[in-house]
Amino acid sequence: MNKPNYLPGDTIWFKAYTVIGPQHQLSALSSVLYVELINPKDSVINRKIFKLASGTTRSEFALGNSIIDGTYHVRAYTNWMRNAVTDYFYDQSFQIGGIEILTRQAAQQHLISQPDVQFFPEGGFLINGLRSKVAIKVLNAAGLGEDVSGIITDNTGTVVTEFSTQHLGMGVFALTPQKGKNYKVQITDKSGTKFSTDLPLAKDDGLVLTVNNSMADSLRIKITPGAPTFARQRDSTFYLIGQVAGKVYYTTAFKLSEQSFLIKVEKNRFPSGILQLTLLGPDHSPINERVVFIRGNDNLKLAISGAGDKARGRQKMSIDIKAVDIDNKAVVGSFSVAVINESRVSFNEDAEPTIINNLLFTSDIKGFIEKPNYYFTNIDDKKNADLDILMLTQGYRRFDWPNILDEKLPAVIYKPEDALTLTGTLKSSSGGLLSNGKISLTSTADNLFIDTVTDANGDFKFSNLDLSDTSKIVLRARKENNGKNVSIFVKQPDYPVINKSKHAGDNNDLLDLSPEQIVILRMNATEIRKKRQIDSLKNGVQLKEVKIKGEKNKSLAELNRYGTIQDRKLDMSKLRNKNFSSLGDALFWTEPLYFGQKSAYIRKPAASPVQAIQDTTKGILVDGISYTPDILNSLLASEIESIHIIAPIDPRASAPIIVITTKRKAGTDTTVLKQVNITAKRINKKPDMSYSQNLNGPGNADQVIMGDKIGSGCIRLSDCLIGRVFGVYFEKDGSPRNTRRRSGKMSVIVDGNILNGDALNNVNANDIYSIEVLRSGASIAIYGSSVGAGALVITTKRGNNNFVTSESPSGLITYPFKGFSKSRVFYSPKYRHTANETEGTDLRNAIYWQPDLFTDKDGKATFEYFNADTKGTYRIVIEGIDADGNLGRQVYRYKVE
C-alpha cells in the first residue's frame, strides 16, 4: 500500500504479490485474486476481483470524503488459500482519518483495568526439577503490551526470582520448579497497582526443549528429560524436525542415553523466516515444540541515487535504483515505488507493514502483532532478544503438528482458479430438476455469447469467464424439447467469513504517538472537516429558487402577500381522476401555469414534464420546505391535500411558485390510519431480511419496500417505483436520483454488487425480495464514495442453498456478475513553472506511486516525478521481489524546502 494511513477523499493504491513455498517465489498456481476493503464494523464495503499476471496485480480503492473515521482492513486471498484458515490471509489494518484516533487516545488515558497476564514455558510445560525459561506477556485493556515488574514466591512465601518485562509487555525469566510446590506471581504495573496470579503447575513427567538463538551462525538446542521420563524411556529413539513454511529442512534422530542431549544446527541450512522445531517421541507423537526466527542474509540490496538531501517544491525528481543479491549480482525484479510527504502523514514506523515483515513474519503467526516493523529496522542484539521472546509468546504453539511423517495431507476443498465461473441449476415449473436443459449466457458489453447443457442433476457451469466488473449478463434457458417453463437458479458466490477475533487490538498502537504526530493528526482532522463542509455545500439542496431564510413554515397569506399576489388553488379531483405516473405528469397534462410574459398551458417542448415546470416556475414548496422540481417525480396526486399556484398579477414580475400541502401534513392521510390498524392486528412475523447485504445492517435504511408491495404490470422496474420511493425520482434510463443532493446520482446494489444507476431496469420486479432506500448522509456514509448520492439496496428472491432465482419460470434472468476489476493509473502532474505562476496550490501528500517498476538485466531502473508545493520530509519507499523469491526494501528521505 502506498501510505501507512489515509484521509477521507484519499485513494488507497496497492500492489499484490502471491508467492508459494518458503522461498517466496512468485506463484502461477492461481490466476484470480480477491481483495476486500473492510470497515470498522467488520463489513466488506468494497470487493474487487483481479487477474494475476506472473503472480502480481495492482489496483486501488477510492475513499469518499464522507467515509467514517476508524480502523479499516484490506484483506486479500486466492481460492486456494481458503484451504487454510482465514488467519493466514493477507489482512492489513490501517487508519482512515484522525479524529477517531485522538478520541481513543483521550479515552485510553482513563482506562483502569487489571492487565491480562499469560505465561509460556519454553517447549510447552514446566517439569519439576528442570530449569526452564518462562516467557510472560501482559496486555492492558486496549489489547496492547504493558510493561510490569514482579516477584515469584513459592507456597512457603520464599522469593524464588524477580523479573521485569523488557518490550511491549513481554519478558522472560528462569525457574526450576520443585515437586510439591506451587508458585505465585506478584505483579506491579506501571501505575504502582499490585495484584497476584498463579504460575502454571509443573509436571513430573516430560522433557524440556531449550533453544539458544543468540549466536549469529547457529542454533544451540538442548533436550532434557525429567527423572521419571529418563528412567522409563532411556535409550529410546527420539526425533527432532525443523521446518519452514511446511517444508522440512532438518531432521535428526538420537537415543536418550544421557540426562541431556545437545544439538548444534547451522542457520544457513534454513531460509529466512519462522523455523518450527518439533520433538517427536519414539511413537512419532509430538512432545515439545519451539518456534524461532531465522534472520538470514538473503534479502536484496537496493541502492537509491539521484534524490539528494534537499529539493524544491515542484522540482522534477529523477531517481535511479540498482538491485543486487547477497553476492552483489544484479537481479531482475518487480518492485513498487511510493513517495509521500511524511510530514503530513501521521504514522508509527515501528508499526508499519512491509513486504519483508509480512512474508517472513506476520503471515505465519496467528493474531495481532504489535509493532512488527520494530524487529526489522536498526537491528541490534536487543531487538533480536525481543524477537525471540515474541516467538515464545505470540509464536507459541502447542502440538499444532501436521502428519508430515505419514504423508497425510489436508483435504483440498478449494481449487486454484484460472478464471471465473458461474454455476446454477435449472428446474421445471413443478420444481423438478431438468437434465439436458439448454442454457445460454450473453454479455453485450463484453461481446460474449456461450451456451451449455445441464447434467443429470440439472446443474450447469460456465467456466473460463473473462468478464468485466460488473457485467450485466442475461441467462436464457429451455427444456430439452425447447419448452420455456424453466426456472433458473444462479449459485451465489461463497466468500469467506470475516474473522472478527483477529482484529482485536488492531491499530491501537496508533495511540503511541509523538507530540509531532498528534499535531499532524489535528491538522488532518481540520482538513477532513473542511472537505465535508465543502461537500455539504455541493450536495445540499439549495434554496435560491425561493429566497427565504429560516422561514420554511410561511403561511399562504404570507406567500401571496395577503392577497396582493394572485393565488390559484387547483382542483385536486382533476389531478386524481386519471392514472398519472407522478404529480409532475398530472400537473403537466391538466393545469395551466403562469410563466414568463404569457399565460398558457405547459405544452412547450421540453425533455420531460418536470423539465418544463422547472423552466417556467420560481420554485416548489412541499409542506413549507423548498425543493427542486425533481420532487414532483416522487409524489402522487393521491398523496396531496392541496396545491396553490402563487403568481404575480403582472406576469413579467416573477415566475410562479407551486405550494404543495401533503395529506400527511394536513392530517387527512387516512391510508396511514388504516395501516396502523392493520399493523395492530397483524400476526405475521417481521420480514426476514437476513439475506440483505446492506452494510448498515439488514433493514437499517431510510425506507424499506418489500417485493410484494412493488406491484406488477410495469414494463420497467423504475416505473413500478415511481411514487413509492420517497425523495427519489427516475431519469429516462431508469437511473434513480436523490432529491436531497445536488449531484443526485444514486447507485443500485444488487445482492451486494454495486452497479451504476442505469442498471436498475435490468432487474425484474418479480425477482425482488426487498428494496432498501439509502438517501441520508448517515445511511450512505458507511459506503464512502462507492455509492455517490445514495443507493437502492436490492435483495433478490432466493431458493434453497443461497441461490438467486426468478419468481416465474420464464426461462430468463438478468444477473449482475462480479467480474474482473479494472485498475486506474496514478495521476502524477508535470510542471514547467513554479507555484507562484499558477492558479492552484499542489497540496498532495501522496506524491508518486508506481506499482510496476522492473529492473533490467543490470539490476537498474529509473523513475521520475514532480514534488508538490508542500514542504517537509519526503519519503521514498521501494520494495519488491525477484524471480527467485528474494525480498528487498529500501527507504530514502529528503527535504523539500
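Figure 1. R47 is buried, at a relative accessible area of 17%, where buried stands for under 20%, exposed for over 50% and partly exposed for the range in between, with a 1.4 Å probe and protein chains only. This residue lies in strand β5; strands (E, at least two residues) and helices (H or I, at least four) are DSSP runs numbered from the N terminus. The side chain of R47 makes a polar contact of 3.0 Å with the side chain of E36, a polar contact being a pair of N or O atoms within 3.5 Å of which, within protein, one must be able to donate a hydrogen and the other to accept it, while residues adjacent in sequence count only if both atoms are side-chain atoms. Neighbours within four places in sequence set aside, R47 is in contact with V35, E36, Y77, Y495 and K818, contact meaning heavy atoms within 4.5 Å.

The model is predicted, so that local features need a pLDDT of at least 70 and side-chain atom pairs count only at pLDDT 80 or more, whereas totals for chains, interfaces and linings use all residues. Residues are numbered from 1 along each chain as its sequence is written, and side-chain values use heavy atoms, with hydrogens and water left out.

**Figure 2. The largest nonpolar core.** This core has 27 residues, and V35, L37, F94 and Y783 are those with the most contacts inside it; a nonpolar core is a set of buried Ala, Val, Leu, Ile, Met, Phe, Trp, Tyr and Cys residues joined through side-chain atoms within 4.5 Å. Two or more residues are given to this core by each of the elements β1 (11-17), β4 (32-38), β5 (44-51), β7 (70-77), β8 (90-96) and β46 (791-796).

**Figure 3. An open sheet of four strands.** The strands follow the order β12-β11-β14-β15 with antiparallel pairing, two strands being paired if DSSP finds at least two bridges between them. Because β12 (159-164) and β15 (194-198) stand at the edges with a single partner strand each, one side of each is left without a neighbour in the sheet. On average, and with direction ignored, neighbouring strands of this sheet are turned by 20° against each other. Strand β11 (residues 149-154) is joined to the antiparallel strand β14 (residues 183-188) by six bridges, and S149 stands opposite T188 in β14.

Figure 4. I847, which lies in strand β49 (residues 846-854), counts as buried at 0% relative accessibility. Residues up to four places away in sequence not counted, I847 touches V339, I340, N341, F826, S828, Y865, F866, N867, A868 and Y874. The C-alpha atoms of I847 and A868 are separated by 6.7 Å, although the two residues are 21 residues apart along the chain.

**Figure 5. Helix α8 and its cover.** Helix α8 (residues 583-590) is mostly covered, with seven of its eight residues buried, namely L583, G584, D585, A586, L587, F588 and T590.

**Figure 6. Confidence along the protein chain.** The protein chain averages a pLDDT of 81, and 81% of the residues score at least 70; pLDDT is the predictor's confidence in each residue, from 0 to 100. Among the elements of the chain, strand β35 (residues 598-601) has the lowest mean pLDDT (37), and strand β17 (residues 218-225) has the highest (95).

Note on methods
Axes are lines fitted to C-alpha atoms, for helices over the stretch in contact, and angles run from 0 to 180 degrees between N-to-C directions.
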